Amino acid sequence: MPKEGEDSLYTGLKDIVGEGFVSRGPEELYIYSRDSSANPPRRVDYVVMPSSVEEVQAVVRLASTRGIPLVPMGAALNLEGLTIPLKGGIVVDMRRMDRIIEVSEMDRYALIEAGVSQGKLISYLKENHPTLQHSVPDAPPSATVAGSCLICGYGHLSTNYGTHAEMVNALEVVLPSGELLRTGSAMLPTSLWFGRGSLPDLTGLFLGWLGTTGIVTKLSIRLYPRPPIRDMVIYMMQDCSIVPDVVYRITHTEMAEDVSIVGQERPEWMKGYQIIAAYVSAHTREELALKKKYLKRISEKDFKARVSFMEKAPGDLKEQFMELPFFATKVADWKKGGGFEYVGAVMPIDTLPEAWEKGIEIAHRYNMLYSYAIRVVEGGHHVLFTYSYPFNRADETSMQSALAALRETQKLSLDLGAIPWKPEVDGQKEIIKRMDKGTFRLMQRVRNLFDPKGIMNPGNWEVD
Amino acid sequence: MALDDFKDIIHRCFRCGYCKFTSNYSDFNCPPYNKFRLETFSPGGRMWLIRAMMLKDIEPSQHLADILYTCTMCANCVEECRFKFHDNIVDIIMEGKASLVEAGVVPPSVRDFFKNIYTNGNPWKEPQKKRGDWAKDAGIPHYKKGDEYLFYVGCIGSYDQRVQKMARAFGQLLLRSGISFGILGEEEYCDGNEVLMMGEEGLFEYLALKNIELFKEKGVKKIVTLSPHAYNAMLNKYPGLGGDFEVVHYTELLKELITSGRLKIPGTRKMKVTYHDPCFLGRWNSIYDEPREVLDSVHGIELVEMKRNRENAFCCGGGGGNFYTDIIGGGEQSPSRIRSREAAETGADIISVACPTCMTMMEDGLKGEDLDHKIKLMDISEIVLSAIIDAGESI
Amino acid sequence: MKMAGDKDHVYEGLKTIVGDAFVSRDIEELYMYSRDPGASIPRNADWVVLPNTTDEVREIVVLAKDMKIPVVPISGGLTLSGLAVPVKGGIVMDMRRMDRIVEVNEMSRYVVVESGVSQGKLLSFLKENYPMLRHSMPDAPPAASVVGNTLIYGSGHLSKHGAHSEMINGLEVVLGDGEILRLGSLAVSPYWFGRAPLPDLVSLFVNWFGTTGIVTRLSLKLYPAHPLRDMLIFLVQDPGTIPEAVSRITATDLMEDVLIVASRPPKSPSVISLLTVYLTAETPEELDFKKELFVDMFKDFGKEGSKIVFTPKEMLPQKLVHGFMEEPQYAAATADFKKGGGFEYVGVVLPLSMVPVAWKKGEDIAKKHGFDPLYTVRNVGLGHSVVFAFAYPFNRADEKSLKRSRDALADTNDMALEIGGTPWKSELEGQARIMARMDPMVLSVMHGIKKVMDPEGIMNPGNWEHG
């Protein structure tokens, strides 16, 4: 790296965003070279925080002329190092661009900049549009809305409405050339942001691509009605082989808003159980009662002695379970160690029992307790099975253990026919190994079309 | 009738495709479309091509002739088309064929069909003299004035070996019932239904008038036909040409004879039977119940329905002259082989038919599927007769 | 310039691939496949071929690519906007021999179908074999194809779950160079349960009208089927109230489908607008609860002249009610409104809030060209958008009538674009209007994508082509 005074790239970046919003100092580089996962740090050369689309375009153009990698970043809470450069370069932290530009109550969408946090949108809607909500992932409120969408994330409305990628209407993207593209209903100059639209779909080119096709600057996300009443019911069983059936019947009623399955060894009473939490929302007490009645019938009619039913969360757990977002992050401190990482495996639900049993083997082999959270997605079309491994950041062995367990779990998932969600580099390579060769070639050709210089988060979705 | 009569209708086909299906959309029910799959072979395709021919956008050709003559006139399209003019679809197809006849562009086998019927009174150029031979040793009388019913047998029943048994069986039942009836034997002419369906209106008229004159001369008042095709012609077309007779199909008459007690069916025939609705009895003339009721009155029979039955019955492929011309062709996707497979799926011991055309087509179909040893082909008369014989009764 | 020898070479080549019986270059086939039931002027096809397997599709594409001949896939052929009619001649590939329902995964609620499977076949197959599952059915004739409708942003009876293109888990496709790909989770897993979490390549076939490749198989999401299905019908006095009404209805997420239809019945002096809400349930108790809820919702809605009036089914002509309840609805009836066997419509995806504007402008256009307004407006998602269709029936035998419809369609396309909607399954004319308004960057990306997927430009060329 040239000295600061002789670094023309640094000067160029300063000219674009202003001195206060670009850094090559050791502190920034330290923070941005690591995330809260167990992954080892990687080299970062610059961190830049643009405040407008024009600034993003200018940064991209500059990087493009120099052939310097760019890595767009939200809150870096993917826990897979996806926002940490693999080949050095510039991390583009989007969080100054955090305006909520427009909320249409009638057309049920929110147009936001890419840096808007979950927390900001949650509170903004609660305050200004209390009859609307967006799907909130079980992540800290500092996570970005756009980030969750672009990695096909999941949230509390996913059981009903799918992945967060499926909730995207339209995007504004700065392409690797520095040019600006609008997709979805915003493809036309009238630029309405209400829908995915019926013109040739370009939105998909930025969903699941992990930032390798461009930097999203604006995103329109679907909003959903927020019924005033929200409650939950719980099913408990001790036989993971019946879980798919129970879930099937729950989702068949179409009365649960969010269905998650939890499996943990602590507290002691949870060990050996599969707990299905089904959230129910309603506009009236009558509606809630009706829905709960039909959900209760499942355990009575079809599963009798094998499933016990609770009409609400047990007192002490209720607040925890009912919080939005669900404070899943607390796992991070289970080893009193400030860290956890998980494999999220996307799988069909009837793979669940095998995934459950085999996951326990792995966890125990690494002297860990198993900790599962499984979200049912879009009416059971698939589930996200997460295996969490907390670690003590201050203990290298602990981190290595966690990493080893994660790798093995990832391999297990792939062998079961599941696909790791938002995989880190090694996971990506495993996926590519198993991927239809022609499909991967198309991915590369598409990327090459947008990014012939290979500057967009390079190293991701690549083979050596 | 002429194609011009339909000029206000023919362009109204939307090619929406309802006509291709059964009523629950589970299968394609248009035999040529199911086999050939080109859009031209669907009813909508025929409608659009006939219009194109009318507008002189295309010329008559052998390929167009194949397209039109693969149509077996099964009327599934009439049954399923949702538009107000659905009744006219078969008429338009008939008229389309008539245009081809006029232009002299028909498949050679069609040309032969017409020629042979004109010269020999039947498609196979069999001698007219031998038309009544099938009845010789069966004691079936010749029609004489004053007989209640003329038993009209038709070409297939008269000349096809297998179908002759069907004719004899019905004859026996009539004898047993004590009804006065007779056949025309070597005086019988082709009824002309298929000729009409194939567009030779002139020849049809010739045949019809010839028959009407003959029937009147013989003092015929009531006709019972073996074939639903003849039934259709005589019931629906002859009156317009001056031939007003009381026409019934043999299953209708059997039903009446059984109900009135004139025909008793002793004995038990413990069999699983499936019934194949003939197009010209079912969809063309809405007769679905009588044949089933006749089967029901045979003690011990268990009636099992094929997946496609009644209005949804899949045509055997013999109509529109195809029993002779075979333009629709054979192979795994031939209608009769498909229908044979469908019959076998019911687990039935017997597939029952009520039409000479169906009988001859299904005979080939079952053979083609190697099912002829597994499932027996019988017509309704044969089933009834066999019950009587089993009971030890003499005929 | 193509030599006669080349043409024979293609013909022989096609015959070698699929067999003599499934290729044609006869006038009759070319006549049929050069037109669809809409108002488009016919365009020539050169060959028609019916493949039976994905391998045969691939071989045909390779042949076409070598000879630089267009390939145009057709399944149901009912877009009415001529999307399956060649623009630059070539081979029409009729997919309907490939009509197998390959797999149903009941637990994960998806079905894998070949491209030739008709809506009717899937409907009756599921009813018979998987009564707890259903797919979202468009109000098109049952001969319409599942894959075709899904790839062009269709919508239907399960509209609360969104547009049909959102229900695609994955695809098997053949690209312009003959390569066969699997997209969606099947690229990596034996299961076809979703697009996520892989990079979304499926979207490169959604609304691209076959210009990026030929889809041979598709995995479609299925949904719970409930034994009871019923509907509520409301009379709409003022179209200005529609957004609020749909918004309230969809806020409950207790309905399956909300559809507004407007037409002038034969003996009526004015247009009648009806709002229909479809409900399903496991039990009569559940159904009654839902019905009561929606009837109550509109008890005090609006002032005189702006009400949404609940109309019990018994009070309406039973033929109408029966028609509404049919699966699919017999929308094709429109084709004979002019006793002319034809209709075409512009369908626009709009935000709910724009319905009144579109309604009024549609009335102006209808009046200008001598039509009565003939609308359907379907909610897609939970009020997330609507598909607003403006229909113009014509008499196929009357050239003037055809022209009138075409002119009205063109005006409607323009209007739709002006107010910011996106037309769905636009015919060539409409595509040109859309592209004339698109940002150059969008056009450039579209062009780039097509070039990647179809280097020789043989995939339904002429569509989505600018300049």
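In this predicted model, helix α11 of chain A has a set of buried residues: A:S398, A:M399, A:A402, A:A405, A:L406, A:T409, A:Q410, A:S413 and A:L414. A residue is counted as buried if 20 or more other C-beta atoms lie within 10 Å of its own. The helix runs over residues 396-415 and has 20 residues. From its first C-alpha to its last, α11(A) reaches 29 Å, close to the 28 Å expected at 1.5 Å a residue. After α11(A) comes A:G417, a residue with a positive phi, near 90°.

Why may the radius of gyration of chain A be said to agree with that of a compact globule? With 464 residues, such a globule would have a radius of gyration near 23 Å, and chain A has 22 Å, which agrees. Along its principal axes, the C-alpha trace of chain A spans about 75 × 55 × 45 Å. Of the 464 residues of this chain, 56% count as buried. The contacts in chain A may also be sorted by separation in sequence: among those between residues at least 6 apart, 67% join residues at least 24 apart.

Five of its seven residues are buried, so β13(A) is largely enclosed by the rest of the structure. Which strands pair with β13(A)? One of them is β14(A), residues 274-282, which pairs with β13(A) in the antiparallel sense over five bridges. In this pairing A:I261 stands opposite A:I276. Another is β17(A), residues 371-377, also joined to β13(A) in the antiparallel sense over five bridges. Here the bridge partner of A:V262 is A:A373.

Elsewhere in chain A, an open sheet of four strands has the order β1-β2-β4-β3, with mixed pairing. The strands β1 (22-23) and β3 (70-73) stand at its edges, each with a single partner strand, so one side of each is left without a neighbour in the sheet. The partner β4(A), residues 90-93, pairs with β3(A) in the parallel sense over four bridges, and A:L70 has A:I90 as its bridge partner.

Chain C likewise contains an open sheet of four strands in the order β1-β2-β4-β3, and its pairing is mixed. Its edge strands are β1 (23-24) and β3 (71-74), each of which pairs on one side only. Strand β1(C) pairs with β2(C), residues 47-49, in the antiparallel sense over two bridges. Within that pairing, C:S24 stands opposite C:V48.

Leaving aside residues up to four places away in sequence, C:I60 touches C:L14, C:I17, C:V49, C:P51, C:V71, C:I91 and C:M93.

Finally, the text turns to the contact between chains B and C. This contact takes 30 residues from chain B and 37 residues from chain C. On the side of chain B that touches chain C, α2 (43-54) and α3 (62-69) of chain B each supply at least two residues. The largest share of that side, four residues, comes from α2(B).

Definitions and conventions: Residues are numbered from 1 along each chain as its sequence is written. Chains are lettered from A and ligands numbered from 1 in the order in which they are written. This is a predicted model: local features need pLDDT of at least 70, side-chain atom pairs count only at pLDDT 80 or more; totals for chains, interfaces and linings use all residues. The radius of gyration is taken over C-alpha atoms; the globule rule is 2.2 Å times the number of residues to the power 0.38. A residue is buried if 20 or more other C-beta atoms lie within 10 Å of its own, exposed if 12 or fewer, and partly exposed in between; C-beta atoms are placed from the backbone. Two residues are in contact if their C-beta atoms, placed from the backbone, lie within 7 Å. The expected span of a helix is 1.5 Å times one less than its number of residues. Two strands pair if DSSP finds at least two bridges between them.
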